[in-house]
Every structure is written in structure tokens, then in C-alpha cells.
Amino acid sequence: MQQQVSEGRVLIDSGKNSNDASLMIEAIGVSKIFGSGDSMITALDAVSIGIREGEFFTLLGPSGCGKTTLLRMIAGFEHPSSGAILLDGSDISELPPYKRPVNTVFQSYALFPHLTVAQNIAFGLQMLDRPKAEIAETVDRMLSMVKMEAMKDRLTSQISGGQQQRVALARALAPQPKVLLLDEPLSALDLKLRKEMQIELKRLQHETGITFVFVTHDQEEALTMSDRIAVMSEGHVLQVGSPHDIYERPANRFVAGFIGETNTLTAEVMSSTTDRISLRLGEGLELDAELPSGMTPKERVTLVVRPEHLRLSFGTTGSSLPGTVSNVVYLGTDTHYHVRLDSGDELVARVQNSSASDLQFGIGEAVAVAFEPSTVRVLRD
Ligand SMILES: Nc1ncnc2c1ncn2[C@@H]1O[C@H](COP(=O)(O)OP(=O)(O)OP(=O)(O)O)[C@@H](O)[C@H]1O
Ligand SMILES: [Mg+2]
């Protein structure tokens, strides 16, 4: 596990380090400042990430955190205020967009409205002077891939938003770039088509071996599609890791809260070594947890534990936290129980509705909340 401290923030990268020969894209200390004086905006602040060849890499974060800005710099439409971007080991900071082996599917699809669907897809190939027969063959293959064969002769101004998005994708994939940048490419699709396209995109990426850099603010989409995810907030990359890492081992409160539902608890530190920590939660529970490397615990720390890792039982048991059910939300496959602990903390426990004989808890019922120490994550902040 690699750790870098930039501007007082800790960036955790559970992948290989930046000497990794298979890195396709590297951003090294990249900052971007727009405007000046009072209207100055730091869109990116010393961002360093490495994206491996052939991986599905996702930039995930809320609106305005700098995802598009980073993508535009990889594409060459924007220049870093400081820092460098390497592609395949070479500094491409001065290379214009059209000389980079990179294609982009923009947040606004930017199709040519006066050209047909097929002409839009052929456009990049014509610019590259590919032979006519090859262009025709590729266009057909791309049309079938995005299921737009029937509309190939329509103008792109005469098709729906979702259809435009698929044409934009086909147009960007047609010249087989080394890197495909996708800026929220599925946002205009309805849920069903979106799910289909998620699977389709993943398949395409797998088949072509093209490095995908995918931007989304949808955490579920990021978790299901990516090999690795960079979680961004306010111009910083807070954590880089596999979906499993990001979900189960969030580096801080922001990541924990942004990726799925979670519970936070305060615990008293009883003792610690370099990698383990003994904690007491209220009166009811003592536990031993993993201490993130490099963390110096204070007297109290914050813990996160996911709702699916909490177990509920009636009354109080030995090592558990006593509380009262304050709300019950039935969700079909599972039920969310909101529990107010005697200590005052509020927790949500998710219980799968796997059989009719499952335990059911009512509002106002006294319950005990327990969890495995291995499912608890001690936070840095
Ligand atoms: N050309 C520009 N001039 C001034 N400020 C800009 C410019 N482009 C982006 N910004 C600002 O930089 C910050 C990052 O913008 P960016 O477009 O990268 O966000 P984003 O993460 O892509 O958000 P969204 O999810 O809404 O697309 C925002 O505060 C934005 O207002
Ligand atoms: Mg954006």
C-alpha cells in the first residue's frame, strides 16, 4: 500500500507505485486554477494519480469537484497550471488534443447535428485518412455495437438524448484510441438502458483492452463498473482503490459517507500498537480493530461500520450495544432498522429478508446491536 501526503492530506493508493511500468496515464502534482483575484477557483489541487494500461478507472465525486477538469487535461483541452501529465511514460503537457492517442465522450455529446449517425461515427476515421472499405466496416460494427443500425441515416439532431449518447460513444471508439475518456456518458439514459449500457461498456472495454477513464457522480455505477476508483472532493483525490477497498476500507469520513450508506460511531481508545487498537464503545462493547498504518490515535476515534454488518437481537447480550428501534423501512429484499443507542448515537442496520422466519423488530422494541470487529474501520479524520 502506497501513501502520499500532499498538502496535509493523505492519499492512499492501494495499487502499485508510480514507478509501475504499466501505467498508461500519470498525473503528477497537477493543479488547475481558473480566473484570478477574487474570482480565482482552484479546480484541482496537486492531484497525483496513476492509471494502468487496460484498466477501467473511474473518477468519482460530487458536482464541481474537478472531474471534468482532470479529464480535459488528459485530453489536452486544458493545460495544468502546475504539474505534469504523462501518457505512456512521456510528458504530453504540450501536445495538442488531436496528436494524443486519446478520445473523449463529452458530458454534452458534441455531435455534428448536420451529419447523420453513420457520418458522425465515420468522422474520426476520415480525419485519420483510413481506407474507405475499412471505414465502412468499422462504422457498421460500431452501429451494431450501440444498437443504432436502424437509425444510421438519421441526422443526430433528430434522435433522442440517449441515442445521441450511444452515437457519441461509437464515434469515440471507432478509431480505437489507446485511451477513452468518458465524461458521465450514461447520464441521459433511463435506468434500464443505463444498466444495459453499463454492462455493454464493461464488455467493450474488456474486449478492446482500451484504457477507460470514466467520470461519474453515481457511486453505484462506479462500484459496479470499475477496476479502480479515485474518489474526489473539492479538487483533491482522497482515495484510490478497488471498489472493494473503497467500500470496505474508506480512508476518511467523506469517502465513507459518499460511497453507500454507513454508520459512524465514536469510541474511546484503551490502548494501541502500530497496527492494532483496543476500543471501548459506551458501556456495552469492547473491541480490537485494525489501525490504518501511519495513524496516531487520539483519546477518541471515529469508527465506520456498514449497515449490512450490524446484527440485531432481542434485549441485551454480552458484547453488544443496547438501543431501541426508532424506525423500520421495508425495502423488499431487505429491511432497514433505525436504532437509537442508549448512548444517543443513531445506527441503521440492514437485515436481509431471506426467509419468512426472519427475526422482525418493531418500533420501540429494545434490541442489542453487535458486529464483527473485522468489519469495523477506524478513520483517519
Ligand atoms: N472554464 C472555467 N472557468 C472557471 N471555472 C471553471 C471552469 N471550468 C470549471 N470551473 C470550475 O472548476 C470546478 C471544477 O469543475 P469541473 O467541471 O471539473 O467539475 P465536475 O467535477 O466535472 O462537476 P460536474 O459533476 O458538475 O460535471 C468548479 O468549481 C467549476 O465551477
Ligand atoms: Mg463534469
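Across the interface of domain 1 and domain 2, six residue pairs are in polar contact, both residues at pLDDT 80 or more. A polar contact is a pair of N or O atoms within 3.5 Å; within protein, one must be able to donate a hydrogen and the other to accept it, and residues adjacent in sequence count only if both atoms are side-chain atoms. On the domain 1 side, helix 7, residues 243-248, gives the most to the contact, with three residues. Helices here are DSSP runs of H or I, at least four residues, numbered from the N terminus.

This is a predicted model, where local features need pLDDT of at least 70 and side-chain atom pairs pLDDT 80 or more, while totals for chains, interfaces and linings use all residues. Residues are numbered from 1 along each chain as its sequence is written, chains are lettered from A and ligands numbered from 1 in the order written, and side-chain values use heavy atoms, without hydrogens and water.

The domain assignment, automatic or from a database, gives domain 1 as 54-80 + 95-254 and domain 2 as 261-378. Their C-alpha centres lie 39 Å apart. Seven residues from domain 1 and eight from domain 2 make the contact, meaning heavy atoms within 4.5 Å.

How many salt bridges are there between domain 1 and domain 2? The count is one: the side chains of Arg 249 and Glu 290 meet at 3.2 Å, N to O. The rule asks for a side-chain nitrogen of Lys or Arg within 4 Å of a carboxyl oxygen of Asp or Glu.

Definitions and conventions: Helix = DSSP H or I, 4+ residues; strand = E, 2+ residues; numbered from the N terminus.
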